[in-house]
Amino acid sequence: MNMKIISNYLQFLRKSHNYTQDDLAKKLGISRQAVSKWETGMAIPDLEILLKISKLYDITINDILEPKIQPKRISDFEQISTISKKELKKAFKQFDVTSLVIALMGASPETNSFCERMFPDIDFEKIRNNIGRIRIETVEVMQNQIIAMINLQAFENSKEIMR
């Protein structure tokens, strides 16, 4: 469960239903500040509110906590080089450097080289050495979270363009 993805997904759901934070807060019987805290990743809705959100958007609580974001831009981590550097940097800002390096541990040399050129101030080799060995499942989870963030941003961008 990645708080950044959940917070961005909650914001995406609200905006895609054309609700302001105030609108959503009123529908759920809570404060606008609570909605803001979820969308900034400072808090997560409690179970009762998650149930209300799931009913409001006609999705399951699990869909909120582990969003399955349909590919809009990429479906594979190796495709990150097809994303503009500006978009990619925005997506990567949602993760710490260690998470990015973990994702790259399962990537091709070309993808690693691409990211190392994009972030010349990061010592990728040193971070890899500090991490040491890691399970492939952990690498896949990080890659999938980055893919989800990129695709979520693509949905958000397409909604902004349609306005």
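**Close-up views of a predicted model**

View 1. Phe119 is buried, its relative accessible area being 14% (buried means under 20%, exposed over 50% and partly exposed in between, with a 1.4 Å probe and protein chains only). The model is predicted: local features need pLDDT of at least 70, side-chain atom pairs count only at pLDDT 80 or more, and totals for chains, interfaces and linings use all residues. Residues are numbered from 1 along each chain as its sequence is written, and side-chain values use heavy atoms, without hydrogens and water. Searching the whole structure gives three aromatic pairs (rings of Phe, Tyr and Trp, the last by its six-membered ring, with centres within 6.5 Å; planes under 30 degrees apart are stacked, over 60 edge-to-face, the rest tilted). One of them joins Phe92 and Phe119; the planes stand at 45° with the centres 5.8 Å apart, so this pair is tilted. Phe92 belongs to helix α6 (residues 85–92) and Phe119 to the loop between α8 (109–118) and α9 (124–131), 27 residues apart (helices are DSSP runs of H or I, at least four residues, numbered from the N terminus). Phe92 is also buried, at 6% relative accessibility.

**View 2. Lys89 above a ring.** Lys89 lies over the face of Phe119, 5.7 Å from the ring centre (NZ of Lys or CZ of Arg within 6 Å of the centre and within 35 degrees of the ring normal).

**View 3. The buried side of α3.** Helix α3 (residues 32–39) has Val35, Trp38 and Glu39 buried. These residues lie on the same side of α3 because their arc around the axis is only 95° (taken from the directions from the helix axis to the C-beta atoms). The buried residues of α3 pack against α1 (3–16), α2 (21–28) and α4 (47–57) (contact means heavy atoms within 4.5 Å).

Conventions
Helix = DSSP H or I, 4+ residues; strand = E, 2+ residues; numbered from the N terminus.
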